[in-house]
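Colleague: I am new to this structure and would like to learn how to read it. Could we go through its features in turn?

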Amino acid sequence: MPVKILMVCLGNICRSPLAEGILQSKLPSELFLVDSAGTGGWHAGEQPDKRSIVTAKNRGLDISKQRARQFKKSDFDSFDYIYVMDRSNYQNVIALAPNELAKEKVSIILNESFPTQNLEVPDPYYGEPDGFESVFDLLDNVCNVIAEKLKSKHQ
Ligand code: 4NP
């Protein structure tokens, strides 16, 4: 049974698809499964935003085959770790948690690098194209920390 990790943002088209692709690239696929979802369902079934696809491609990752889906309550049963991009995502996910064990699975992703600071991965959707580059860098750095932690704990 692989260890299962879910990346969550609002739309599941900009930040969490990048987080999914980046963490996947740092972990052996026989042991770890990485997925992503959005707290909102407006983009369900869509490819990641073109700007995320291009940013990932420029860094050697193909995220074009991902499809957006909405976070659902049963994800608390399916996943071992749930990483959210910002405080609003955290509130929305925690509101669906059935119990304390489920809540403990949820972390604001940048707290893995900067504990207890509740720093946010900014939403690049309405911003300049270089916002996607800085989001990629933030996620790449924190996914190094997460991958090392998960590998030392689970393999
Ligand atoms: P994401 O960005 O949460 O990083 O996928 C967004 C994408 C779409 C919308 C908001 C944020 N939207 O409102 O459609």
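This is a predicted model: local features need pLDDT of at least 70, side-chain atom pairs count only at pLDDT 80 or more; totals for chains, interfaces and linings use all residues.

Colleague: How is a pair of aromatic rings described?

Modeller: A pair of aromatic rings is described by the distance of the centres and the angle of the planes. Searching the whole structure gives three aromatic pairs. In one of them, Phe-71 and Phe-76, the ring centres are 5.3 Å apart and the planes stand at 85 degrees, so the pair is edge-to-face, because over 60 degrees counts as edge-to-face.

Colleague: Are Phe-71 and Phe-76 buried or exposed?

Modeller: Phe-71 has a relative accessible area of 6% and is buried. Phe-76 is buried as well, with a relative accessible area of 2%. The cut-off for buried is under 20%.

Colleague: Which arrangement do Tyr-125 and Tyr-126 form?

Modeller: Tyr-125 and Tyr-126 form an edge-to-face pair, with 4.7 Å from centre to centre and 80 degrees between the planes. Tyr-125 counts as partly exposed, at 29% relative accessibility, and Tyr-126 is exposed, at 75% relative accessible area.

Colleague: What lies over the face of Phe-79?

Modeller: Lys-4 does, at 5.3 Å from the centre of the Phe-79 ring.

Colleague: Now the ligand. Where does the ligand sit, and which residues surround the ligand?

Modeller: The ligand sits in the largest pocket. Residues around the ligand include Cys-9, Gly-11, Ile-13, Cys-14, Arg-15 and Asp-123. Tyr-125 and Tyr-126, the pair discussed above, also belong to this surround.

Colleague: Which polar atoms lie 2.9 Å, 3.3 Å and 2.7 Å from an oxygen atom of the ligand?

Modeller: A polar backbone atom of Leu-10 is 2.9 Å from a ligand oxygen atom, and a polar backbone atom of Asn-12 is 3.3 Å from a ligand oxygen atom. From His-43, a polar side-chain atom lies 2.7 Å from an oxygen atom of the ligand.

Colleague: How much of the ligand's accessible area does the protein cover?

Modeller: On its own the ligand has 350 Å² of accessible area, and the protein covers 90% of that.

Terms used:
Residues are numbered from 1 along each chain as its sequence is written. Side-chain values use heavy atoms; hydrogens and water are left out. Rings of Phe, Tyr and Trp (its six-membered ring) pair if their centres lie within 6.5 Å; planes under 30 degrees apart count as stacked, over 60 as edge-to-face and the rest as tilted. Buried means under 20% relative accessible area, exposed over 50%, partly exposed in between (1.4 Å probe, protein chains only). A charge sits over a ring if NZ of Lys or CZ of Arg is within 6 Å of the ring centre and within 35 degrees of the ring normal. A residue is near a molecule or strand if one of its heavy atoms lies within 4 Å of it. A polar contact is a pair of N or O atoms within 3.5 Å; within protein, one must be able to donate a hydrogen and the other to accept it, and residues adjacent in sequence count only if both atoms are side-chain atoms. Accessible areas come from the Shrake-Rupley method with a 1.4 Å probe; for residues, only the protein chains shown count as cover. On a 1 Å grid over the protein atoms alone, a cavity is a set of points where a 1.4 Å probe fits but cannot get out, and a pocket is an open set with protein on both sides within 12 Å along at least five of seven lines; lining residues have an atom within 4 Å of a point. A molecule sits in a cavity or pocket if more than half of its atoms lie within 2 Å of its grid points.
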